[in-house]
Amino acid sequence: MFGIHYGSGHLLGVMARDVLKIGDLKVLNQEFGESVYEPGSVFVMARFDGVLGMGYPSLAEILGNPVFDNMLAQKTVDEPVFSFYLGRRTSNNPEGELLLGGKDESLYTGPINWVPVTAKGYWQIKLDSVAVQGASSFCPHGCQAIVDTGTSLIAGPTYDILSLQQLIGATPTNIGEYLIDCVRLSSLPHVTLVLGGTEYTLTAEHYVRKEMLGDRELCFSGFQAVDIVSPEGPLWILGDVFLSEFYSIFDRGQDRVGFARAKHATEG
């Protein structure tokens with residue numbers, strides 16, 4: 001038996017082993033957890049059948065190689081690299097792509113900025129700083145961040161995120177979300193994250209999520225407070241709000257993460 005506890009619920013199940021097929025790739029004798037008990041509404045409403053962990057082996061709940069480690073051991077991929085492209089909802093491009101064994105040069109532009117992994121569990125790297133236009137920087141002496149496609153928003157320590165929400169004019173709701181006046185988007189400040197000495201600037205069009213409620217459009221902040229303690233201090237999480245704008249490359253061979261500007265249909 002195994003048990004996994006998430007912030008939104010927990011799973012109980014048994015371990016199993018089978019052949020895993022992803023596209024044309026085949027992984028033999030892959031161990032996986034087969035969930036048999038899923039209390040909580042989040043798993044009833046979820047539009048997915050499972051979770052495929054792409055972190056380092058130390059994060060595995062049960063002893064055994066994760067999928068990508070087995071791919072490396074069985075030599076089913078050309079390079080010890082995988083890459084993500086996350087499309088914008090308004091784009092005519094594919095909604096997203098996971099490429100196992102390399103990178104897709106047609107989906108990004110400009111040079112790749114490589115940032116070394118600082119702890120081999122999550123894909124953890126150093127975040128030099130986070131700044132809101134015209135305001136002082138958060139973690140000005142650097143902090144640690146996780147690059148995670150499994151997190152929808154950009155997350156950070158509660159104290160910093162509450163200050164950031166105020167700076168971008170976001171107000172709390174009774175469901176834990178932060179709302180922004182959609183009319184004000186063009187006047188909202190930029191938010192800049194610095195990784196490996198390179199600035200990554202997000203405009204309001206990037207960090208605000210737009211949702212329709214009937215015939216009314218609502219605008220939600222793309223930042224959330226999540227307190228994760230590590231030996232290196234509080235962790236930030238660079239989730240999909242960030243990764244939708246930047247193609248990400250995860251290099252197990254050299255233990256580094258690469259970022260480049262993602263191409264979108266609106267950019268030609």
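I began with a word I would need: buried means under 20% relative accessible area. I also noted that this is a predicted model.

**Entry on strand β10**

I looked up β10, which covers residues 143-147. Which way do its side chains point? Cys143, Ala145 and Val147 point one way, while Gln144 and Ile146 point the other way. I reminded myself that in a regular strand the side chains alternate between the two faces of the sheet. On both sides of β10 I found buried residues: every one of the five is buried. Because five of five are buried, β10 is largely enclosed by the rest of the structure.

**Entry on the neighbours of β10**

Next I checked the pairing. Strand β7, residues 123-127, runs antiparallel to β10, and four bridges join the pair.

**Entry on Thr192**

I then moved to Thr192, which sits in strand β14, residues 191-195. Is Thr192 buried or exposed? Its relative accessibility is 15%, and the cut-off for buried is under 20%, so Thr192 counts as buried.

What does Thr192 touch? Leaving out residues up to four places away in sequence, I listed Ser129, Val130 and Ala131, then Glu199, Tyr200 and Thr201. With Thr201 I also found a polar contact: the two threonine side chains, Thr192 and Thr201, are joined at 3.0 Å.

How values were computed:
Residues are numbered from 1 along each chain as its sequence is written. This is a predicted model: local features need pLDDT of at least 70, side-chain atom pairs count only at pLDDT 80 or more; totals for chains, interfaces and linings use all residues. Side-chain values use heavy atoms; hydrogens and water are left out. Helices (H or I, at least four residues) and strands (E, at least two) are DSSP runs, numbered from the N terminus. Buried means under 20% relative accessible area, exposed over 50%, partly exposed in between (1.4 Å probe, protein chains only). A polar contact is a pair of N or O atoms within 3.5 Å; within protein, one must be able to donate a hydrogen and the other to accept it, and residues adjacent in sequence count only if both atoms are side-chain atoms. Contact means heavy atoms within 4.5 Å. Two strands pair if DSSP finds at least two bridges between them.
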